[in-house]
Amino acid sequence: MGYYVTTPIYYVNAQPHMGHAYTTIAADVLARHMRQRGEDVFFLTGTDEHGEPVALAAERAGTTPKQLADENAARFEALMPQLEASNDFFIRTSDPRHGARVQEVMQRVHDNGHTYLGTYEGWYCPRCADFKSDSEIAAGNTCPIHHIPLDREQEENWFFRLSAFQEPLERLLAQGSPFVAPVARLNEARSFVEQGLRDVSLSRGKLSWGVPVPWDPDHVFYVWFDALLNYVTALGFAREGKDLTGTFWPADVHLIGKDILKFHAIYWPALLMAAGLELPRRLFVHGFLLMDGEKMSKSLGNVLDPFAVMEQFGTDALRYYCFREVSFGQDGSVSTAGFEARYANELANEYGNLASRTLAMIARYRGGVVPQAALDAELAADFDGLAGEVAALLDRVELSQALEAIWQRVRRLNRYVEERAPWVQAKDAAQADALDVTLATLAEGLRAITVLLHPYMPLSTHKLLDALGRPELSYDGAALAATGWGGAVGALEPLFPKPQ
Ligand code: MSP
């Protein structure tokens with residue numbers, strides 16, 4: 001069995017922004033960490049290209065939905081290497097291979113008796129592509145997310161019998177269930193179900209930009225069903241001539257933002273049950289990155305540009321900041337000032353400086369060779385259990401807590417430098433052994449935390465491990481060895497230089 005992690009697939013009606021980068025980086029941290037632990041990992045991301053939001057954006061831009069999708073999907077695809085995302089595939093829902101598999105699964109749902117033709121009447125947000133229930137409508141019949149008037153829709157649609165899954169969903173989302181984390185989101189999903197589930201539209205008769213319903217080709221599938229199925233369909237065609245479904249389904253983690261909880265915690269498991277497929281193991285729901293207290297989004301125009309941040313400070317700094325400033329799972333504000341402060345205080349001064357000092361002292365006092373001395377027992381004790389703790393936290397998708405646990409050891413090593421004052425030890429021949437212990441401990445501590453930090457900051461950790469002459473990334477190396485390794489170290493440019 002492998003480890004399968006996904007991001008939501010991103011709408012191509014907008015250009016990539018910080019919110020998209022956020023979920024992608026989170027998934028990448030998990031994917032890289034699990035690879036370090038020797039897992040067979042599949043990390044999927046991609047673009048959601050059908051449906052009304054895209055059709056409307058294309059109309060506004062005077063182009064076709066396909067053309068708009070091609071242009072913007074290319075931007076999202078190009079974002080991945082810029083973020084250092086190590087995704088194993090990039091799915092586009094306009095890919096006919098996806099469409100064919102959507103039709104297969106949905107035909108099964110239809111054959112299993114979970115659909116019927118009916119008339120929908122109610123409020124609909126064209127930006128969310130969401131038929132809103134009474135509890136999801138803001139004052140004056142507006143969308144609480146987009147602050148635009150909702151449309152009153154009346155149309156003949158195929159319906160999915162969501163109401164038939166009331167009890168299985170109550171069981172799935174019962175208190176203490178591991179299916180949705182954090183627990184506040186589990187409670188939110190459960191309370192939605194407890195209000196009583198209504199059947200939902202499964203097709204749209206008015207749209208043509210979508211996957212045709214095989215048993216009624218005048219309709220296309222409602223975009224959310226088409227989109228959710230990407231998590232399953234991609235495994236069927238991501239590798240030419242190979243079906244990965246048996247290896248990777250069910251997914252271990254779907255990472256999502258809180259705005260798409262209903263679709264993932266309710267519609268998605270119900271659809272999978274209706275199709276006779278296994279359910280994913282867990283959803284982890286993150287909060288919104290806020291600027292000026294509002295969700296950052298293209299349509300609201302309050303965007304922190306991840307490209308500008310990466311260009312000036314590097315990708316690692318952006319990746320680090322995401323999980324440091326805001327506890328992953330909560331909402332939180334991000335700002336340029338907050339970013340710059342953490343870059344200077346934590347990345348440059350705490351970690352970058354620890355790295356350059358350690359290498360410089362090994363060069364100056366020991367000719368660039370890490371002493372083979374036994375490590376300082378007291379310092380080593382402060383690292384005991386760290387690798388296991390970080391792994392356990394990341395198994396629960398606690399990305400900020402895991403980073404905090406690692407960062408405490410960055411700080412511990414800095415205090416160790418001050419406590420031991422190697423520059424004083426170096427002046428006294430009687431302290432030569434003590435200096436060996438100091439340098440061996442610093443080098444080994446720095447190496448271990450750098451292995452642990454690797455999933456968060458793949459570029460700088462790589463450079464540092466190379467300079468240490470210990471490039472191995474395997475998780476076995478996340479624990480401290482008993483002695484320094486006795487090898488030569490090289491030079492290192494500042495990892496987090498002052499920006500130009
Ligand atoms: N296409 C759907 C998802 C389909 S998944 C089967 C969609 N796309 S989206 O592009 O609008 O959003 C994708 C994700 O980005 C969502 O989980 C959303 O929460 C996240 N973010 C968008 N803006 C965000 C912030 N400002 N902060 C954090 N994440 C937010 O929804």
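Helices (H or I, at least four residues) and strands (E, at least two) are DSSP runs, numbered from the N terminus, and the legends below use these labels for a predicted model.

**View 1. The whole chain of the predicted model.** The protein holds 19 helices and 17 strands. Its radius of gyration is 26 Å, close to the 23 Å that the globule rule gives for 500 residues, so the protein is as compact as a globular protein of that length. The C-alpha trace spans about 90 × 45 × 40 Å along its principal axes, and 58% of the 500 residues count as buried. Of the contacts between residues at least 6 apart in sequence, 77% join residues at least 24 apart.

**View 2. The cis peptide bond between Trp249 and Pro250.** The bond joining these two residues has an omega of about 5°, and Pro250 itself sits in the loop that runs between helix H9 (245-248) and strand S13 (253-257).

**View 3. The cis peptide bond from Ala181 to Pro182.** Here omega is near -10°, and Pro182 is placed in the loop between strand S8 (180-181) and helix H6 (183-194). Most residues other than glycine have a negative phi, and most peptide bonds are trans.

**View 4. Glu84 and Asn141, two residues with positive phi that are not glycine.** Glu84, whose phi is near 65°, belongs to the loop between helix H3 (65-82) and strand S4 (89-92), and with a relative accessible area of 23% Glu84 is partly exposed. Asn141 has a phi of about 55° and lies in the loop between strand S6 (130-132) and strand S7 (151-160); at a relative accessible area of 31%, Asn141 is partly exposed.

View 5. For Cys143, the nearest cysteine sulfur is that of Cys125, 3.8 Å away, and Cys143 is in no disulfide. Cys143 counts as buried, at 0% relative accessibility, and Cys322 is buried with a relative accessible area of 3%.

**View 6. Gly352 within helix H13.** This glycine is found in a helix that covers residues 336-366, and Gly352 counts as buried at 10% relative accessibility. Leaving aside residues up to four places away in sequence, Gly352 touches Leu347 and Phe496. Between Gly352 and Ala26 there are 326 residues of sequence separation, and their C-alpha atoms are 22 Å apart in space.

Terms used. Residues are numbered from 1 along each chain as its sequence is written. This is a predicted model: local features need pLDDT of at least 70, side-chain atom pairs count only at pLDDT 80 or more; totals for chains, interfaces and linings use all residues. Side-chain values use heavy atoms; hydrogens and water are left out. The radius of gyration is taken over C-alpha atoms; the globule rule is 2.2 Å times the number of residues to the power 0.38. Buried means under 20% relative accessible area, exposed over 50%, partly exposed in between (1.4 Å probe, protein chains only). Contact means heavy atoms within 4.5 Å. A disulfide is a pair of cysteine sulfur atoms within 2.5 Å.
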